[in-house]
Amino acid sequence: MKFPAFKYLRPSSVAEAAAQLAEHGDDARLLAGGQTLMPVLAMRLAEPEVLIDLGRIENLRGIALEDDALRLGAMTRYVDLERSALVAEHAPLITRALPYVAHVAIRNRGTIGGSVALADPAAEMPACMLALGAEIELTSTEGNRWIAAEDYFLGLYETAREDTEILTAIRIPLAPERRVGFYEVARRHGDYALAGAAAVGDVEDGRIQGLRVAMFGCDDLPVLAKTAAKAAETGVLDGAWLEADVSPTSNINGEAHIRLAQARVAFRRAVTDLLGVSNG
Ligand SMILES: Cc1cc2nc3c(=O)[nH]c(=O)nc-3n(C[C@H](O)[C@H](O)[C@H](O)COP(=O)(O)OP(=O)(O)OC[C@H]3O[C@@H](n4cnc5c(N)ncnc54)[C@H](O)[C@@H]3O)c2cc1C
């Protein structure tokens, strides 16, 4: 199908984009890499009157090391993160997870901000942000605010971002000793996950401490598996307590008990991955 007709705006600054968003409100959509929005428009699942293309705003792109955090501009493409030595050194969970995000062609255009703004429950990057304890910057004509990933994801494609706010950056706290682990169950490599887990934590004398495991593809939103992580810190690695954290329902991908079993596999393998691989 063809796109619906829309007015196309190409602001060159965040302030200009925020003003356009404030002016057009619900009638406008922000365009990042277009890897979700373009198919949505082509299928006429949304018919915005105005498209605000963020592609010309240079300072929305880039990866920078700050005093205590790694800062990712919202318009930084997956491919740039994948190839970044800074990301590999300071946020290796992202480097590890990116090859599982769709396919090369999509990673060439898709952006970290687009993924976190969309908040697909089966997407890899939102779960990584949750596991890493990232903060998300939202900017509007009123100014900017930072919100913790734990408070940002609210439900199915639902976030704490107001319609008038642009996701402008993500900050990942530095934690040099932190190890990472990642695993996802998918029908084919590059498909959205049926169940996945992104883990970070410290290991001392073979014991895990400060474990954070974000589950994705299991619920309406990425979820920190706090109970199962506590159990894993005492040596119970198999995700036996996972049903206290996630509640997969029966859907097109399988019955609830099968989806829970897949979640347990993802949890166990991500934690085992973390134990076996030093990224410190
Ligand atoms: C065949 C296929 C397979 C895929 N497989 C996967 C997969 O396995 N895992 C995965 O995670 N993703 C997958 N995707 C989705 C892909 O990762 C998208 O690129 C991503 O979800 C959205 O990023 P984008 O930059 O393309 O955003 P866009 O498509 O441009 O935008 C997506 C949404 O976010 C909003 N938005 C974008 N940027 C901002 C911003 N800065 N501030 C506020 N709102 C914003 C837009 O208005 C729109 O509503 C797949 C896509 C396709 C087509």
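**Group meeting: a walk through a predicted model**

Two housekeeping points before I go on. Residues are numbered from 1 along each chain as its sequence is written. And this is a predicted model, where local features need pLDDT of at least 70, side-chain atom pairs count only at pLDDT 80 or more, and totals for chains, interfaces and linings use all residues.

Back to our residue. Glu 82 sits in helix α3, residues 78-82. Helices here are DSSP runs of H or I with at least four residues, strands are runs of E with at least two, and both are numbered from the N terminus. Between Glu 82 and Thr 95 there are 5.4 Å from C-alpha to C-alpha, although they are 13 residues apart in sequence. Is Glu 82 buried, exposed or partly exposed? It is partly exposed, because 18 other C-beta atoms lie within 10 Å. For that label, 20 or more other C-beta atoms within 10 Å of a residue's own means buried, 12 or fewer means exposed, and in between is partly exposed, with C-beta atoms placed from the backbone.

Now the whole chain. There are 11 helices and 14 strands. The radius of gyration is 19 Å, close to the 19 Å from the globule rule for 280 residues, so the chain is as compact as a globular protein of that length. That radius is taken over C-alpha atoms, and the rule is 2.2 Å times the number of residues to the power 0.38. Along the principal axes, the C-alpha trace spans about 55 × 45 × 30 Å. Of the 280 residues, 44% count as buried. Of the contacts between residues at least 6 apart in sequence, 62% join residues at least 24 apart.

The domain assignment gives domain 1 (7-56), domain 2 (58-173) and domain 3 (179-275); such bounds come from an automatic or database assignment. The C-alpha centres of domain 1 and domain 3 are 35 Å apart.

A quick look at α8, residues 124-131: 8 of its 8 residues are buried, including Cys 128 and Met 129. After the helix comes Gly 133, with a positive phi near 65°.

Last stop, the strands. β12 (195-204) has 7 of its 10 residues buried. β11 (179-185) runs antiparallel to β12, joined by 7 bridges, and Gly 181 stands opposite Ala 199. Pairing requires at least two DSSP bridges between strands. On to β13 (207-216), which pairs antiparallel with β12 over 8 bridges; Val 203 has Ile 208 as its bridge partner. β12 and β13 form a hairpin with 2 residues between them, and Asp 205 in the turn has a positive phi of about 50°. Thanks, everyone!

Conventions: Contact = placed C-beta atoms within 7 Å.
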